[in-house]
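Have the sequence and the 3D view open as you read.

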Amino acid sequence: MWARRGDGQEFARLERKENMKTFLIAIAAAMAITASAQEFRAPIGPQKPVRAMPTPPPMLQRPPVEGVIPRAFSDSRNPLQMLNPWAPPRYGTWVESTSFDPNYPGKWKGIKLFEILF
């Protein structure tokens, strides 16, 4: 948007920043006036009493946690025996810590680091 000056030799840019500032100030003022004009009224008449929510029963037992990391740090196990292929059966097998793909029986999908049972 260019306009010619009176002498016809040079172009001058129209100053639009001042118009934009005025426009933004007008919008902000209109929003402030609209927000302050709203009235908040309390409902008139009798109201229903508020019921207390029932308290859920306390959890008596934590959900069991299984997986590689809890098995390694349990107090009765030796974590290095998890790497030993000839370890006694009391240390568990690789099947306990492996997740399997339900679509392909026998195909493993990953290692269960943490498993929370509900």
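## A greasy patch on the surface

Val65, Ile69, Phe73, Ile111, Leu113, Phe114, Ile116 and Phe118 make up a nonpolar surface patch, and together they have about 970 Å² of accessible area. Keep in mind that this is a predicted model. One of the patch members, Ile111, sits in strand E5, which covers residues 108-111. Is Ile111 buried or exposed? Ile111 counts as exposed because its relative accessibility is 60%, and the cut-off for that class is over 50%.

## The chain as a whole

Stepping back, the protein chain has two helices and six strands. Read from the N terminus, the order is β-β-α-β-α-β-β-β. Of its 118 residues, 7% count as buried. The chain exposes about 11900 Å², with carbon and sulfur atoms supplying 62% of that area. As for contacts with a separation of 6 or more, 34% come from residues 24 or more positions apart.

## Two salt bridges

How many salt bridges does the structure hold? There are two, and here they are side by side.

| Salt bridge | N to O distance |
|---|---|
| Arg71 and Glu96 | 3.6 Å |
| Glu115 and Lys112 | 3.6 Å |

Take the Arg71 and Glu96 pair, whose side chains meet in a salt bridge. Arg71 belongs to helix H2, while Glu96 is in the loop between H2 and strand E4 (98-100), so the pair ties together parts that are 25 residues apart in sequence. What about their surroundings? Arg71 has a relative accessible area of 14%, so it is buried, given that buried means under 20%. Glu96, at 43%, is partly exposed.

In the other pair, the side chain of Lys112 meets that of Glu115. Lys112 is partly exposed, with a relative accessible area of 22%.

## The largest pocket

The largest pocket has a volume of about 300 Å³. It is lined by 17 residues, and those closest to its centre are Arg71, Met82, Gly92, Thr93 and Trp94. Which elements give two or more residues to the lining? They are helix H2 (68-72) and E5.

Arg71, the salt-bridge partner of Glu96, is among the residues closest to the pocket centre.

Terms used: Residues are numbered from 1 along each chain as its sequence is written. This is a predicted model: local features need pLDDT of at least 70, side-chain atom pairs count only at pLDDT 80 or more; totals for chains, interfaces and linings use all residues. Side-chain values use heavy atoms; hydrogens and water are left out. Patches are made of residues with over 30% relative accessible area and no salt bridge: like charges are joined within 9 Å, nonpolar side chains (Val, Leu, Ile, Met, Phe, Trp, Tyr) within 5 Å. Accessible areas come from the Shrake-Rupley method with a 1.4 Å probe; for residues, only the protein chains shown count as cover. A salt bridge is a side-chain nitrogen of Lys or Arg within 4 Å of a carboxyl oxygen of Asp or Glu. Helices (H or I, at least four residues) and strands (E, at least two) are DSSP runs, numbered from the N terminus. Buried means under 20% relative accessible area, exposed over 50%, partly exposed in between (1.4 Å probe, protein chains only). Contact means heavy atoms within 4.5 Å. On a 1 Å grid over the protein atoms alone, a cavity is a set of points where a 1.4 Å probe fits but cannot get out, and a pocket is an open set with protein on both sides within 12 Å along at least five of seven lines; lining residues have an atom within 4 Å of a point. Grid points are joined across faces, edges and corners, and a volume is the space filled by probe spheres set on the points.
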